[in-house]
Amino acid sequence: MKKFDFSGWATRNNLKCSDGRTILKDAFKENDGQTVPLVWNHRHNEPYNVLGHALLENRDDGVYAYCTLNDTESGKNAKLLVEHGDVSALSIYANQLKQQGANVLHGAIREVSLVLAGANPGAFIDSVLAHGEESEEEGIIYTGEPLSLSHSDEKKEEKMDSKGSEEPETKKEEKKTEEGETVKEIFDNLSEKQKTVVYALVGEAMGKDGESDGGKKNEGGDDTMKHNVFENEGQAKDSILSHSDQETIVGMAKSSQIGTFQTALEIYAAENDLKHDAVSSGFVQTGEGNIYNLFPEYKEVRPGAPELITSDQGWISVVMSKVHKSPISRIRTSQVDIRNIDSLRARGYVKGKQKSQTGNFKLVRRTTDPQTVYVKNALHRDDIIDITDFDYVQYLYNIDKMMLNEELATAIMLGDGREDGDEAKISSDHIRPIWTDDDLYTLHVDLDVAAARKELQGTNTGANFGENYVLAEAMINTVLYARERYKGTGTPDLFLTPHMLNVMLLARDLNGRRIYSSKAELASALNVGNIYTAEQFEGKTRKTSDNKTKKLLAIITNLADYSLGATKGGEVTHFTQFDIDFNQEKSLLETRCSGALTRVYSAIALEETVSGSGSEEVG
């Protein structure tokens, strides 16, 4: 029979390490029955670091090691440290580690080391990771499991398993009192009355009714006894974490090897045999042994790609779908205004008189050239690989496309907004904004609120018309009068800010009744096809030639009169290229187009003069 000085778990199966990996069952099955060196703290550079050897045994729960120390000074010193409890944990050095995902499938144990449990609490693998779906590496695996001593007066037996490997086995001695009797012998000598009292005390200590009559259960009792107080002394746990337990956990969290309170909680639970969910971030044990999570993991409300927070996008899709798409990028329009030219009037003929020539007229011609508009981006390949919850490339492409459409729609309706001279500016000569276009194409009309209020109030100064009602009536009157000069095709649409729409919808008469019950009813009153709100219109101003500041309120137009031209190859195109120097996937979304109104008086821009410029400002 071989003797050993102590034993303990070299590795444990299904124990989640702090780096996220888990050692699966039979990962070190090939080491069963093998003897490997026992060294100090994985130091292989000096002979005196070899303390003895360890016999390995593969079990269902992991690999168990029976350790024998040598007679060297280092071995004797290690034996004293183990017996005194100064060193109480084992660790292994293994190579040929093969893992799939976070699971360690296979490895070869090369040596077992005595390590300081205080320095390496809990389970973790200290190694250099290798990339790939399946990889091999080498590393040091810590479990933090306590050791079991083999005293000099105990006998160790070996038995052969079905494979012929030796299996050491120890016999436990029953604890004896100072008089030499065991606890069981003392209990057997008690009277029935005394035994009944012991049963009651044990049952109360366990939180339930005890058993009596030599093992017969009381009514309402359980069929099995959950604990044996004689065989499990010293294992009772408090119902809550004590102050010393909390200090231990905080101290573990502060160590450089652990670093987080969540990991420290998981390690403490594993070391103290507390059942807990390995995924949870903490635990509290109640009197019945139930576990409650202190810090449950966060769960995504809407799994997948993050939700986008954007400005109003509805009107943008309307603009991009309703503008006239032309296969010609260089647009030219020609108009001749023959209105109010008296010399062009037809004339009556007088017999014998010479007929006169009609007068001349002026040709108005405008050309618009294209400009390239683009969105460029770069995606790190590391991010593309690491982000697995959604398609990161497609997600960024959708954002780029959304930004390109918004930029084009804003340039068509309002203008680029960048200062002149900015290299990134979309020139108003290439994509002509409807709002600031020439008066020949866009009618600029001022909202006169004071005139509307005077018309409504009249001489009846006691009448109390609400401000919303006054503004709504002023808007409707101004729009309808401007429509008299409108020369666009079909029925135009109205684009305005959400606030201005609400002002008109909240208009009430003197009796408190709402004037317009819906947006459709308001559109009918304004004689427009549809009403679209655009947050981007809010607070937009421009300077006129006479240095007045005009604030935009609404734009009325039929976008079929606006031509957006792009020749073949100039349409929206997506280019991608991989940069091997910077490990980036580069993306370019580009179009080359021009845009302009092609009919005169085909748009109406409703404005107001900002306070201090001669008129009052709409609230």
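Biologist: In which handedness of crossing, left-handed or right-handed, does α9 pass α10?

Modeller: A crossing is left-handed if the near helix is turned anticlockwise from the far one by less than a right angle, and right-handed if clockwise. Here α9 passes α10 in a right-handed crossing. The model is predicted, with pLDDT of at least 70 needed for local features and 80 or more for side-chain atom pairs, while totals for chains, interfaces and linings use all residues. Residues are numbered from 1 along each chain as its sequence is written, and side-chain values use heavy atoms, without hydrogens or water.

Biologist: At what angle do helix α9 and helix α10 pack?

Modeller: Helix α9 (residues 449-457) and helix α10 (residues 467-482) pack at about 110°, with axes 9 Å apart. That makes α9 roughly perpendicular to α10 (65 to 115 degrees).

Biologist: Which residues of α9 meet α10?

Modeller: Contact means heavy atoms within 4.5 Å. Val449, Ala452, Arg453, Glu455 and Leu456 in α9 meet residues of α10 including Tyr469, Val470 and Leu471.

Biologist: Which residues of helix α12 are buried?

Modeller: Buried means under 20% relative accessible area, exposed over 50%, and partly exposed in between, with a 1.4 Å probe and protein chains only. In α12 (residues 519-526), Leu522, Ala523 and Leu526 are buried. They cover an arc of only 105° around the axis, so they lie on the same side of α12. The face turned away from that buried side carries the exposed residues Ala520 and Ser524. The buried residues of α12 pack against α10, β20 (493-496), α11 (498-505) and β21 (531-533).

Definitions and conventions: Axes fitted to C-alpha atoms, helices over the stretch in contact; angles between N-to-C directions. Helix = DSSP H or I, 4+ residues; strand = E, 2+ residues; numbered from the N terminus. Parallel < 35°, antiparallel > 145°, perpendicular 65-115°, else oblique. Arc of directions from axis to C-beta.
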